[in-house]
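This report is meant for a first reading of the structure shown below.

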Amino acid sequence: MGKITGFLEIDRKVESYAPVEERIKNFREFTLPMEEKDVKDQGARCMDCGIPFCHSGCPLGNLIPDFNDAVYRGKWEKASEILHSTNNFPEFTGRLCPAPCEEACVLGINEDPVTIENIEKNIAETAFKKGWITAKPPLERTGKKVAVVGSGPAGLAAAQQLNRAGHQVTVFERDEKPGGLLRYGIPDFKMEKHVIDRRLEVLKEEGIEFKCGVHVGKDIKADALKNDFDAIVLTGGATVRRKLPIEGADLKGVVQAMDFLGQNNRRVDGIKDLGEEILATDKDVVVIGGGDTGSDCIGTSFRQGAKSVSNFEIMPMGTPDRPKDQPWPFWPMRLRTSSSHKEGAERFFSISTKKFIGDEKGNLKGLITSEVEWVTVPGQRPQLKEVEGTEKEWKCELALLALGFTGSENTIAEQLGLEMDNRTNIKASEIDYKTNVPGIFVAGDQRRGQSLIVWAISEGRQAAHHVDKYLMGESALPLKGDGDLPRV
């Protein structure tokens with residue numbers, strides 16, 4: 001694959017960024033596209049490694065060496081066909097995926113891995129630019145109707161696959177527009193929303209119907225869908241936010257990250273009626289939580305004109321290199337520094353927030369922290385211990401809680417009589433994605449809990465195969481690992 005000696009001759013290269021002082025003035029994407037020659041050179045770095053472990057790192061089972069080789073040889077349309085055979089939306093994953101495939105790259109054992117994610121993005125963008133991505137409605141319809149509840153990546157993938165099989169698919173979305181957290185969680189500077197809209201136009205042209213502003217479980221009772229559709233696929237997100245149950249958590253200025261990010265995305269979209277505004281402008285901001293959502297809050301705060309941004313993480317500071325107990329090709333818990341972190345945020349590790357402090361009007365004005373350490377006892381889970389004498393008071397007018405999610409809202413599950421697991425996910429096998437109620441399937445975060453965009457797309461595709469099989473007795477929709485182009 002690629003050039004036989006490419007990995008010896010060519011260094012890893014990725015897209016560069018616009019300068020910080022320029023990019024924080026707006027919410028547009030700020031990566032600077034690579035020259036075509038540079039992308040082809042990166043494809044040339046892909047080794048003929050015998051067993052491509054990148055496949056094991058990719059939840060979608062992308063045929064990575066194959067599209068890398070096609071890019072290296074300048075066969076972009078072929079590369080697009082290969083990539084789209086396993087991934088419905090590479091323009092999303094090429095921007096947003098943390099690239100577990102790169103951590104599993106064989107070259108990454110002792111060198112910098114192949115820049116797989118960036119190659120993927122360039123393939124998708126080239127395909128759109130050249131007009132290769134067009135609507136391909138099914139030649140025949142089966143007469144079966146399927147409801148997909150939720151229009152995030154899992155729902156969109158399931159909908160497209162089921163539509164390809166000839167079923168009439170209706171996607172229900174409670175927000176104003178389709179996309180789920182892609183639209184109202186991911187900041188525009190990571191993915192501008194026209195990227196979603198151009199793909200949605202293709203899906204609509206293929207025959208998929210979208211009903212937005214419809215909250216299944218409230219506006220429509222979930223069991224009513226059973227009467228109107230032959231099958232239902234639940235693909236809602238893990239939207240129940242983790243709280244911080246400490247004194248002062250109800251002060252004005254203590255805000256859940258997704259409320260902050262969602263409102264800002266609507267503001268960027270030109271929506272005027274936002275309710276009470278949540279803004280970081282001229283404030284000392286503290287983002288509590290060190291993951292991707294916390295990073296998104298940091299970048300958004302700077303673009304809103306925050307006075308300062310601090311980031312608190314309760315876990316110890318990771319190492320830049322792979323930890324010894326997390327060997328290749330596993331995903332390593334190492335220190336990751338995002339583009340938002342580089343925009344000026346100060347990061348603090350092994351720190352716990354103990355109390356929020358308010359003024360006489362109930363507004364947040366500060367918080368108190370202490371340093372913590374994790375104590376490991378053989379045979380037991382690590383225990384969190386406060387370090388005595390390390391209390392500190394911080395000035396803070398906006399605290400953003402980016403603490404992850406505890407599960408999905410269960411109104412739909414209750415109305416349909418679905419079984420839940422102890423993490424408030426809907427019970428369903430990952431073999432066939434069936435729930436305990438015939439004709440109802442579940443995929444994505446609502447089944448597996450909060451996870452990556454690649455897992456969402458993968459689950460939507462897999463579930464679609466089993467829904468099709470349930471409706472028709474068999475299915476030609478590809479499953480992960482089939483290793484060929486779509487047969488429908």
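A residue is called buried under 20% relative accessible area, exposed over 50%, and partly exposed in between, using a 1.4 Å probe and protein chains only. The model is predicted, so local features need pLDDT of at least 70 and side-chain atom pairs count only at pLDDT 80 or more, while totals for chains, interfaces and linings use all residues. Residues are numbered from 1 along each chain as its sequence is written, and side-chain values use heavy atoms, leaving out hydrogens and water.

Of the 488 residues in the protein, 52% are buried.

| Cysteine | Relative accessibility | Closest cysteine sulfur |
|---|---|---|
| Cys54 | 7%, buried | Cys46, 6.2 Å |
| Cys297 | 0%, buried | Cys396, 12 Å |

A disulfide is a pair of cysteine sulfur atoms within 2.5 Å. The sulfur of Cys54 is therefore too far from that of Cys46 for a bond, and the sulfur of Cys297 is likewise too far from that of Cys396. Zero disulfides are found in a search of the whole structure.

The protein contains 18 helices and 18 strands, taken as DSSP runs (H or I, at least four residues, for helices; E, at least two, for strands) and numbered from the N terminus. Its C-alpha trace spans about 70 × 60 × 50 Å along the principal axes. With contact meaning heavy atoms within 4.5 Å, residues 24 or more positions apart account for 68% of the contacts with a separation of 6 or more.
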